[in-house]
Amino acid sequence: MSKDIIPAMPVFPLMTAEQIDTYYQRLGLQDADRTPSYENLCQLHERQLQVIPFENLDFLNGIITDLSLEGIFNKIIRQKRGGLCSENNGMFAWLLRSLGYQVTTFTARLTNADNPFQPRRHCINCVTLDGKRYLCDVGVARENFRRPILLEEDIEQRSGMGTYKLVKHEFFGWLLLQRLCEDGDFEGYYGFTEEPQWPFDFDYIIGFSETHPHSEDNKGNFVALLTEDGCNNMVGNDYWTFANGVKCDQATLTSYDDLQRVLEQKFNIQFVPNEEYRQRNPL
C-alpha cells in the first residue's frame, strides 16, 4: 500500500492555560519556571512521582477506565487521584507536549527473575531535548529513577535509590537494568522498542488489566507512591514503606476505615469503596 493512501497522523489538542495551571497546582509547582529545559523536566518528573500515585482502585470499584485526555485529567488532576502507567504517563506526556517538549510514547515489557518474558503492557515516554533523548516514567509501582535518564547504551546513571543502565537486547530491543544496592547486581526492569504509541493504543491493555482472569491488576489493592527516600506500597491488604532500602512501618488493613486512612495519609488519595469493592475485597 502506498504511503500516500495513509492519512496524516492524528493530532491531539494541547492543554489550555487553565489546565496547565491546575496541573502545576496539583504538583505544588505553581510558581515554577515552565520553559522547556532539562532541569525543569527533572523537576516535573521527580515531583509527579512523589505526588501522583500508581493505583488500581477504580478497577475494584467496577469503574471502567477512561483513557481520553479529558477523562484522565479529570480523574488525576481535578479529583486528585492516581492511575495506572498509561494514565499517569499519558497525562505527563500531554503536559509536556503542551509546554513545548517533543515527546514520543512507547510500550514496554516488564521483566523480573520470576517472570522474564511478559506482554507489552507498560507505558513509558521518551523526550527529545537539545539533541538528546531522555527516558521518562512516572507510572511506576516500585522504586524508579527520579530524574529522566539518557537513552544511551551502557552508561551507568544514578537516580534516586538506584543505578540504571540501558543495553541492547536481541528480544527486548532496549533493556533497562536496575541496581538497588551498590554492591548488588543489575537486574532486568523492562524492555522496549521505539514504535510510537498513541493513547488509544492502551485501551486494549487496560481492558486486559481490568477484566482478564490472568491479570495481576484486578485481584486486589495495588498502590504505590515514591517518597524522597523510598516508596510507600499497598499490595492486597498489606501496607509497608521502603526507606533507604529498608522495609519498615508494615501493617495489615483490618477495616475499611484503616484502608481509607492509609490511602489518605500515605498516598494522598481520598477513596470511597463501593459495594462491588467490598464484595471483591472483604475486610
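Me: Which residue stands opposite Leu225 in E11?
Reply: In this predicted model, the residue of E11 facing Leu225 is Asn232.

Me: What makes strand E10 and strand E11 a pair?
Reply: Strand E10 (residues 222-227) and strand E11 (residues 230-235) share 6 bridges in the antiparallel sense.

Me: In what order do the 5 strands of the open sheet stand?
Reply: The order is E1-E10-E11-E12-E13, with antiparallel pairing.

Me: Why do strand E1 and strand E13 stand at the edges?
Reply: Strand E1 (54-55) and strand E13 (246-252) each have a single partner strand, so one side of each lacks a neighbour in the sheet.

Me: With which side chain does the side chain of Asp258 make a polar contact, and what makes it one?
Reply: The partner is the side chain of Thr254, at 3.0 Å. The distance limit for a polar contact is 3.5 Å, so the separation meets it.

Me: How many aromatic pairs are there by the rule?
Reply: The count is 14 aromatic pairs.

Me: Why is the pair of Phe73 and Trp94 given the geometry it has?
Reply: The ring centres are 6.1 Å apart and the planes make 80 degrees. Centres must lie within 6.5 Å, and planes over 60 degrees apart count as edge-to-face. The pair of Phe73 and Trp94 is therefore edge-to-face.

Me: Where in the chain do Phe73 and Trp94 lie?
Reply: Phe73 belongs to helix H4 (residues 69-78) and Trp94 to helix H5 (residues 85-99). They are 21 residues apart, and the pair links distant parts of the chain.

Me: How do you know whether Phe73 and Trp94 are buried or exposed?
Reply: Phe73 has 0% relative accessibility, and Trp94 has a relative accessible area of 5%. The cut-off for buried is under 20%, so Phe73 is buried and Trp94 is buried.

Me: Which residues do ring pairs link into a cluster?
Reply: The cluster consists of Phe106, Phe145, Tyr164, Tyr189, Tyr190 and Phe192.

Me: Over which ring does the charged end of Lys247 sit, and over which face does Arg34 lie?
Reply: Lys247 sits over the ring of Trp240, 4.5 Å from its centre. Arg34 lies over the face of Tyr24, at 4.3 Å from the ring centre.

Me: How many bridges join strand E2 to strand E9, and E8 to E9?
Reply: Strand E2 (residues 102-110) is joined to strand E9 (residues 187-192) by 3 bridges, and strand E8 (residues 173-179) to E9 by 5. Both pairings are antiparallel. In E9, Tyr190 is the bridge partner of Leu110, and Gly188 that of Leu177.

Terms used: Residues are numbered from 1 along each chain as its sequence is written. This is a predicted model: local features need pLDDT of at least 70, side-chain atom pairs count only at pLDDT 80 or more; totals for chains, interfaces and linings use all residues. Side-chain values use heavy atoms; hydrogens and water are left out. Two strands pair if DSSP finds at least two bridges between them. Helices (H or I, at least four residues) and strands (E, at least two) are DSSP runs, numbered from the N terminus. Rings of Phe, Tyr and Trp (its six-membered ring) pair if their centres lie within 6.5 Å; planes under 30 degrees apart count as stacked, over 60 as edge-to-face and the rest as tilted. Buried means under 20% relative accessible area, exposed over 50%, partly exposed in between (1.4 Å probe, protein chains only). A charge sits over a ring if NZ of Lys or CZ of Arg is within 6 Å of the ring centre and within 35 degrees of the ring normal. A polar contact is a pair of N or O atoms within 3.5 Å; within protein, one must be able to donate a hydrogen and the other to accept it, and residues adjacent in sequence count only if both atoms are side-chain atoms.
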